[in-house]
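Me: I would like to learn how to read a structural model of this kind, one feature after another. Could you take me through it, giving the general idea before the particular case?

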Amino acid sequence: MGKGGVGKSTSAALHSIFLAEKGYRVVLVSLDPAHNQSDIFERRFSDKARKVGSNLFVIEVEQERWIKTYLKDVQQQINRAYAYLTAFNLESHFKVIKHSPGLEEYAVLLAYKHICKAYADFDFLVFDMPPTALSLKFFSLPSLSLIWLDHLLALRREIIKKRDLITKIKLIKKEYERDKLLNKINEQQRDYQDLKSGFETMDVTRIHLVLNPDKLSHAESMRILDRLDELDIKVYRIICNKMQGESSCVKIKKLETIPQIKFPASRIPLIGVSALQRFLKENRDAAAKQL
Amino acid sequence: MPFTFKSIKKKMIAFWKISDEVARGKAVETLEVELEELDHILGILVLGVFIGLPSPPMQISLELMPMMEKELILMMEKVDTANEPIAQLFSTLSID
């Protein structure tokens, strides 16, 4: 994570190549709609993993496609549940819903969940995150959703309790089938709880904060850190990019407590696998700290 | 005599059954209204986004929607009484 232009995508690419060269099986996933990995590796990537070198695969997530697939699935469920509404052309209403606030970060979350499951046997999944605002919404989504789900669950349980009471008083022998709505809310709660725990556990999710030696970059990094703190999510490492000379990486106390790696500004554009490998070789000491 | 006693007993049991049913009905009347309102609140909380109210993250609403037919119908029925909420409340509390 980090301010736009600090070198998140390049850092992610370097990190992935480093790990792959050490013998680990790595998938580099770009969640950034800007799709910089295609520019860095000089080849087209897509939602399908493409091999780059012996241990490295790269995926670029298409947010639009994920939103489309998700809404199609929901629409089919609604069509099945409300079959008599097929005359009302639900499809046209769903065309508008795809622009609803919140669906963008949910699409990123869906892609993230799918990739974590599909590539669970890989050693490392490196995620090149979207710009700060979307990344923070992504990390906030499980906590926010759980607040709503806890409340809806309590309300639904109260409804079921009152319904059972009425049934008992009226001596009705009717047995209600297990409440589908309650089951669905419980299922959503479990999913979000798992995601939240994953984000909070540093062994599962290692957040790298990338910054440059300038005031704006530091200011945004502090805001990112503060927001992640509110969510009980810790930053694993700071990558100080484009360093000039031996200047100090971070000047803010809060950032000083987090392990840091310093990378100098590159003399040549870091485009293509050979340029990235040469850069890692030239900065062997800093690169070694990535493990 | 036995015939009369039997018929009286039968009538008393029928009377008891009817009274019991009426009493149980009255006991749950307020509960049923309360239950309907709770269903309505759940409907508004989850699906309120479709009528311009703040709501949960969109995916929660969309994924619960297929299971909320009853609540959706209730919301649409409530539109009829939306102009006279006080009248409905008075009716529930049996205030003349």
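Reply: Let us begin with the overall make-up of chain A, in which buried residues make up 33% of the 291 residues; please keep in mind throughout that this is a predicted model. The secondary structure of chain A comes to eleven helices and seven strands, and along its principal axes the C-alpha trace spans about 80 × 40 × 35 Å. Among the contacts in chain A between residues at least 6 apart in sequence, 68% join residues at least 24 apart.

Me: How should I read a sheet, and what is the strand order in the open sheet of four strands in chain A?

Reply: Strands of a sheet pair through backbone hydrogen bonds, either parallel or antiparallel. In chain A, the open sheet of four strands has the order 2-3-1-4, with mixed pairing. Strand 2 (50-51) and strand 4 (124-128) of chain A stand at the edges, and because each has a single partner strand, one side of each is left without a neighbour in the sheet. Strand 2 of chain A pairs with strand 3 (residues 56-60) of chain A in the antiparallel sense, over two bridges, and R50(A) stands opposite V58(A) in strand 3 of chain A.

Me: Which helix packs on that sheet?

Reply: Helix 1 (residues 8-21) of chain A packs on the sheet, where it touches strand 1 (26-30), strand 3 and strand 4 of chain A, and its direction makes about 165° with that of strand 4 of chain A.

Me: How is the packing of two helices described, and at what angle do helix 1 and helix 10 of chain A cross?

Reply: Two packed helices are described by the angle between their axes and the distance between the axes. The axes of helix 1 of chain A and helix 10 (residues 273-282) of chain A come within 10 Å and cross at roughly 75°, which means that helix 1 of chain A is roughly perpendicular to helix 10 of chain A. On the side of helix 1 of chain A the contact is made by A13(A), L14(A), I17(A) and F18(A), and on the side of helix 10 of chain A by V273(A), L276(A), Q277(A), F279(A) and L280(A). By class, the residues of this contact divide into eight nonpolar, one polar and no charged.

Me: Finally, how many residues of each chain are in contact between chain A and chain B?

Reply: The size of an interface is often given as the accessible area lost when the parts come together. Here the description is by residues in contact, with 30 residues of chain A touching 26 residues of chain B. The elements giving two or more residues to this side of chain A are helix 3 (63-81), helix 5 (103-118), helix 6 (132-169) and helix 7 (180-200) of chain A, and the largest share, 15 residues, comes from helix 6 of chain A. By class, the side of chain A that touches chain B has 18 nonpolar, five polar and seven charged residues.

Terms used: Residues are numbered from 1 along each chain as its sequence is written. Chains are lettered from A and ligands numbered from 1 in the order in which they are written. This is a predicted model: local features need pLDDT of at least 70, side-chain atom pairs count only at pLDDT 80 or more; totals for chains, interfaces and linings use all residues. Two residues are in contact if their C-beta atoms, placed from the backbone, lie within 7 Å. Ala, Val, Leu, Ile, Met, Phe, Trp, Tyr, Cys and Pro count as nonpolar, Asp, Glu, Lys and Arg as charged, and the others, Gly among them, as polar. Two strands pair if DSSP finds at least two bridges between them. Axes are lines fitted to C-alpha atoms, for helices over the stretch in contact, and angles run from 0 to 180 degrees between N-to-C directions. A residue is buried if 20 or more other C-beta atoms lie within 10 Å of its own, exposed if 12 or fewer, and partly exposed in between; C-beta atoms are placed from the backbone. Angles under 35 degrees count as roughly parallel, over 145 as roughly antiparallel, 65 to 115 as roughly perpendicular and the rest as oblique.
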